[in-house]
Amino acid sequence: MRNVFFTHGTRNEQFLQQNLVEEYLKMFGMDILYIPRQLIRKDGVFNEEIISEFDDSYIIEAYLENNEGFQGGGDLLTKFGIRQTDEITMVISQQRFSDLISQFLLLDTDVEVGERPQEGDLIYFPLSSNYFEIKFVEHEEPFYQLGKGYIFKLQCELFEYQDEQGDIFEGDEDLVDTGYTVKHYYLPQNGISATGSASLYNGALEQLYISENGSKYIEAPTVTIGGDGTGATASAYLINITVSGGTPTKSAVIRGTVKEGTLRSVKIVDGGEGYDEDRATIAISAPAAGGVVPTLVPTFTKGKLTAINITGEGSGYKSVALLDIDTPGTGYTNATVQISAAPVGITGSFKIGESVTGGSTGAVAQLVEWDAQEAWIKLKSPTGTFAIGETIMGSTSGATIILDNRDEMASTDTKYYENVAFEDLGDDIIDFTETNPFGVAT
Amino acid sequence: MLGTYTYNQIIRKCVIGFGTLFNDIEVRKNNADGSTYSRMKVPLAYGSRQKFLARLEQQADLNQKVAITLPRLSFEMTGVSYDASRKLSAITLNLKADTTNAVKKQYAPVPYNVDFELNIISKTNDDAIEIVEQILPYFQPSYNMTIKLVDAMEEFRDVPVVLNSVNYTDDYEGSMDDRKLTLFTLQFTAKTYIFGPVGTSGPIKKAKVDYHTEVDLTAPRRVSYQVTPAAVSDKNKDATTELAEKITKTTLVIEVLDSTDIPLKTYIEIGNEVMYVKSKPATNKLGVRRAQKNTSAAEAVAGTPVDLINAADDALLDSSDDFGFNEMTSFYG
């Protein structure tokens, strides 16, 4: 039994020691951000985290034990690119952690252990602006001086980021692209709506005329015939395809379906008769400036157009090129032509970090970046695929856009990402005419 | 040296093709209610790279905020070896029509296997197997990838990519501050062919046979027979004249604007129909035999061009055209 006439650490001595430690840390330490891990979901099979979030940060003074430089293996070139293996050991006061941080962590049900620093929590190291993950919390060095521990030694290594979410990372430009971000473009300026008029003969539609071709239509607009008669219907087409030359005895009639500016399909309504196959050529209306005329290869059989093969789908067809009477109707003394409106640009202003929802698909995503100049929003982790032409609305701001275009492949970790390069190079040499089981469905 | 310069970039194309297979893999995390929490597109890159470029591209500002972003895919070519089991006759010649009135030719390729290693790194086991399970079902044990190996020949070949093995590493034991690493390594073999140079030859447009009556080949020939291809339809759209009035399927005397340049006993093409001019019964009128050279009699409107089929069309024949023959037999004393 030890000698009871000598003390081995009274509470006051322990307090003194604790205070001396804290004073030392405050004089020679630095302020770091302590970022606790909120464990939202765990995997009971592999004993791993599935979803972690990092929403809060607490400032606390800490002493950098390895003050001559980072520990660890330094910067390594691996088969997975450059891995930075810096490690640090930070010393923090047990009492200060309890006073400053624990009291809040204990209230958070997503925090596993609130009483002490958790392995898996992060430290934002201000000198190099790095995120370090705590790998081990050493609480027994020095070993029970005066019968108590006073510090935590946090052995940390650089964080391996796997698209963990949370307020902490939302504003971090270096990490925004990690994961799955898709640029969604909207119109920088509103489209122009097409207009038209009609002429009548014997109470029925005789001809339709385009007064304004309009612009920026994503697909062919709908045409409504107004007036005092009944039964007249008409369709609009964004491309006009005809057969030129070939001295036919009867002309062919062709209708093309355009979506997102490109020719998707061609229908031969009437193949015509008597075409000189050597001289007949396909004539296609011009696209908007910068567009590409589709490449069509016609097949004539005995002077009749029997097939058209689309070898190049072209681009830039966003204006009404043709109005076609489907049903002339009856009883009209006057008729009006109403063509559905062209898409518009943006209304309101988005807020970074808000969630956005697609009007028709219901897909939800987080808005991580927005460029009003170039007219795009960058959305992260979409729950579905937003449809071209649908309205996307911000949940907080109420801002809306109509989706005009999307760049799905140009996303994720631009520093280590050759996916797009392989896709582009592969397009020239690989024949995925059946299916590409790994590619984007087209 | 061995021969002409050639670089068909076949191994490079196999690398690109192999990379394309795995460039659109996703990892998804779900909430407890099954709804999607987040989606990640798994980045892919070729493993080997120049160190200075890696440093400049990935650490342009000298520092990374995190050690690495995960998960990642990396692949690299690990070997190229000859495959004797797929050897073809070396003298087999592939020919392909050339647009410039010639044929391209290339000898049979040499079969080679290109080995690849695909590595998958992830922070968690579940994400790693999520990636692996998006890959394995397509390799039974091979996946046929159709690659245009030789651009000049438009040579598309099915290149089977065979999955040879799947290795799994999960280092979790040891000190608490050791890194845990979940790694899958998949070994593949792409069975490709290495092609040589592409040559060109013009189509044969004249064949000639000389007949001798004596064994002595220096003696004069007695008969010479020569054939050249003859156009069966108009090629040059010469529009020598036009129809002055419409014709029906049974019209046998047609009226043209000017028949001066239409010789007798020649073929003409109106629309898609070839006719034989057998007479000129009146000024600007042609007596014709309809539906020649396997064409059908058809109506045509006034103003339809009348094309002459002559030697100028013969000269424009290329290897993909149907053609007849012009024959010439010469006798020598």
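Y161(A) stands opposite T69(B) in β4(B), in a model that is predicted. Strand β10 (residues 160-161) of chain A and strand β4 (residues 68-69) of chain B run parallel and are joined by two bridges. The contact draws on 80 residues from chain A and 91 residues from chain B, and the two chains bury about 7,700 Å² between them, 53% of it on carbon and sulfur atoms.

**Polar and charged links between the chains**

- Between chain A and chain B there are 42 residue pairs in polar contact, both residues being at pLDDT 80 or more, and the side of chain A that touches chain B has 27 nonpolar, 24 polar and 29 charged residues.
- Five salt bridges are counted between chain A and chain B, including one in which the side chains of K79(A) and E117(B) meet at 3.3 Å, N to O.

**Salt bridges within the chains**

- Over all chains, the whole structure holds 33 salt bridges, among them the one between E65(A) and K153(A) at 2.8 Å, N to O.
- E65(A) lies in the loop between β4 (58-64) and β5 (71-78) of chain A and K153(A) in strand β9 (residues 151-158), so this pair ties together parts that are 88 residues apart in sequence.
- E65(A) counts as partly exposed at 35% relative accessibility, whereas K153(A) is buried at 13%.
- K13(B) and D151(B) form a salt bridge with their closest N and O atoms 3.2 Å apart, linking helix α1 (residues 10-21) of chain B to the loop between β9 (142-150) and β10 (155-171), 138 residues apart.
- K13(B) is buried, with a relative accessible area of 4%, while D151(B) is partly exposed at 43%.

Notes. Residues numbered from 1 in each chain as written. Chains lettered and ligands numbered in written order. Predicted model: local features only at pLDDT ≥ 70, side-chain atom pairs only at ≥ 80, totals over all residues. Heavy atoms only, no water. Contact = heavy atoms within 4.5 Å. Buried area = accessible area lost by both parts, 1.4 Å probe. Salt bridge = Lys/Arg side-chain N within 4 Å of Asp/Glu carboxyl O. Polar contact = N/O pair within 3.5 Å; in protein donor to acceptor, adjacent residues only side chain to side chain. Nonpolar A, V, L, I, M, F, W, Y, C, P; charged D, E, K, R; others polar. Pairing = 2+ DSSP bridges. Helix = DSSP H or I, 4+ residues; strand = E, 2+ residues; numbered from the N terminus. Buried < 20%, exposed > 50% of the residue type's maximum accessible area, 1.4 Å probe, protein only.
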